[in-house]
Amino acid sequence: MSDLRNLTPLELQDAKSKLMGRYQACQSQNLKLDMTRGRPCPEQLNLSLSLLECRDSKAYVAEDGTDCRNYGGVDGIPEAKKLFAQYLEVDPDEIIIGGNASLALMHDTIMRAMFRGVGDGHTPWVKLPGVKFLCPCPGYDRHFSILEYFNIEMIPVEMTESGPDMDKVEELTRNDESVKGIVCVPRYSNPTGITYSDEVVDHLASMKTKATDFRIFWDNAYNAHHLTDQPDRLKNILTACKQVGNPERVLIFGSTSKITFAGAGIALMAGSKKNMDLARQQINLQTIGPDKMNQLHHVRFLKQVGGIDSLMKQHAAILKPKFDMVQSVLEKELGGKHIAEWSKPKGGYFVSLNTLEGCAKAVVSMAAQVGVKLTPAGATFPYGKDPLDRNIRIAPSFPSVDEIRQAMELLAICIQVVSIEKIMQKAR
Ligand code: PMP
């Protein structure tokens with residue numbers, strides 16, 4: 001089938017009934033596939049099974065003699081700081097090794113800014129009449145949920161091929177003092193897979209902001225999560241911020257959730273020494289120290305397997321065929337039909353697909369009716385509202401390659417049926 005927009009009403013009707021035949025056949029397959037979230041699959045988790053063997057009864061002393069079984073060490077053990085500082089390309093005194101979730105570190109950092117301000121005598125955001133954040137879209141739903149929870153107004157900014165639309169970002173930050181932040185997933189962005197260009201990184205670091213307490217929340221969750229041998233490069237934003245005299249502007253986050261065990265790994269936060277010193281003081285009130293045992297075991301394990309990069313290559317070997325299957329089914333079923341566009345990421349956990357306007361919700365609901373659960377349409381936008389109702393996030397990591405084939409075929413059928421209905425509606 002070629003460009004659907006050129007078909008006559010009769011041809012469209014005919015195409016739709018054939019597709020409905022295939023849809024009904026899927027119904028009898030009793031599919032039960034969950035592609036709602038970017039969860040690592042069991043084979044990926046198995047790559048880190050020997051992490052558990054690092055937990056032997058002798059492994060509890062850190063390199064500086066700290067007994068990791070006891071309280072203390074609010075920002076992590078030295079070997080973990082060294083390893084993960086290298087991973088995030090910062091100095092060891094510019095990193096804090098946290099608990100199990102980077103999302104919790106981000107949540108708490110925003111909460112502290114709300115109640116105490118970001119330091120240097122800045123007003124706590126909660127005392128201001130309103131606080132706004134820029135949200136590159138489509139983006140990560142959990143970032144949006146945190147901002148919504150704190151009553152921070154979210155302003156969507158369109159993502160381009162090289163990062164957020166910087167003209168818009170500049171216009172909004174330059175004139176409005178209540179714009180206090182932006183949330184970014186700079187490498188293999190969730191869900192578009194886009195990596196920010198050097199120009200965008202420099203622009204974010206150097207742009208004039210009306211708010212002197214403006215912060216970039218740089219969630220580098222997919223820093224090492226490449227799918228190819230030619231990874232996207234990402235410029236070091238902390239260095240860029242320091243070079244232009246804005247060292248405090250960026251707060252960097254990351255974790256091993258998709259390196260070792262999701263939710264049972266370790267979380268990272270980095271930034272200027274001044275920002276980290278403040279966070280250390282504040283975190284010190286919150287906890288007598290993180291789980292240093294897990295940090296110790298992680299360092300031992302990651303060294304054993306030849307470092308993070310070598311482990312990530314093994315993840316890629318598992319994930320790549322899944323991402324390839326998504327691409328091949330979408331191309332086969334939808335290529336040339338002008339009813340959908342989708343990303344071809346070189347890393348990360350998602351494929352982002354745009355349908356014709358006004359179709360995404362109907363597609364997701366039609367797929368759910370035959371057992372394929374996708375991230376709810378709209379979730380990739382603030383307040384769950386995709387103004388054009390067209391973005392669908394595909395998370396291929398968990399199901400098997402064959403399940404992905406089934407799920408993608410079904411998704412493609414639903415996209416075609418809903419698009420045909422839309423085109424016919426318009427023609428009426
Ligand atoms: N940030 C992004 C962009 C993510 O996609 C995810 C996981 N889906 C997280 C953070 C969660 O990370 P963590 O497990 O460290 O909280």
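A salt bridge is taken here as a side-chain nitrogen of Lys or Arg within 4 Å of a carboxyl oxygen of Asp or Glu. In this predicted model, Arg37 meets that criterion with Asp141, the closest N and O atoms of the pair being 2.8 Å apart.

The chain is divided into domain 1, which comprises residues 4–44 + 310–427, and domain 2, which covers residues 61–304. The contact between them draws on 27 residues from domain 1 and 34 residues from domain 2, while the C-alpha centres of domain 1 and domain 2 are separated by 31 Å. About 2500 Å² is buried between domain 1 and domain 2, with 64% of that area on carbon and sulfur atoms. On the domain 1 side, the residues that lose the most area to domain 2 are Met312, Lys346 and Tyr383, which together account for 27% of what that side buries. Between domain 1 and domain 2, the count of salt bridges is two.

A helix pair was also examined. Helix 5 (residues 102–116) packs against helix 10 (residues 273–286) at an angle of about 100 degrees, and the axes of the two helices lie 12 Å apart. Because angles of 65 to 115 degrees count as roughly perpendicular, helix 5 is described as roughly perpendicular to helix 10. In this packing, Asp108, Arg112 and Arg116 of helix 5 meet Gln282, Ile283 and Gln286 of helix 10. By residue class, the contact of helix 5 with helix 10 consists of three charged, two polar and one nonpolar residue.

Terms used:
Residues are numbered from 1 along each chain as its sequence is written. This is a predicted model: local features need pLDDT of at least 70, side-chain atom pairs count only at pLDDT 80 or more; totals for chains, interfaces and linings use all residues. Side-chain values use heavy atoms; hydrogens and water are left out. Axes are lines fitted to C-alpha atoms, for helices over the stretch in contact, and angles run from 0 to 180 degrees between N-to-C directions. Helices (H or I, at least four residues) and strands (E, at least two) are DSSP runs, numbered from the N terminus. Angles under 35 degrees count as roughly parallel, over 145 as roughly antiparallel, 65 to 115 as roughly perpendicular and the rest as oblique. Contact means heavy atoms within 4.5 Å. Ala, Val, Leu, Ile, Met, Phe, Trp, Tyr, Cys and Pro count as nonpolar, Asp, Glu, Lys and Arg as charged, and the others, Gly among them, as polar. Domain bounds come from an automatic or database domain assignment. Buried area is the accessible area (1.4 Å probe) that two parts lose on being put together, summed over both.
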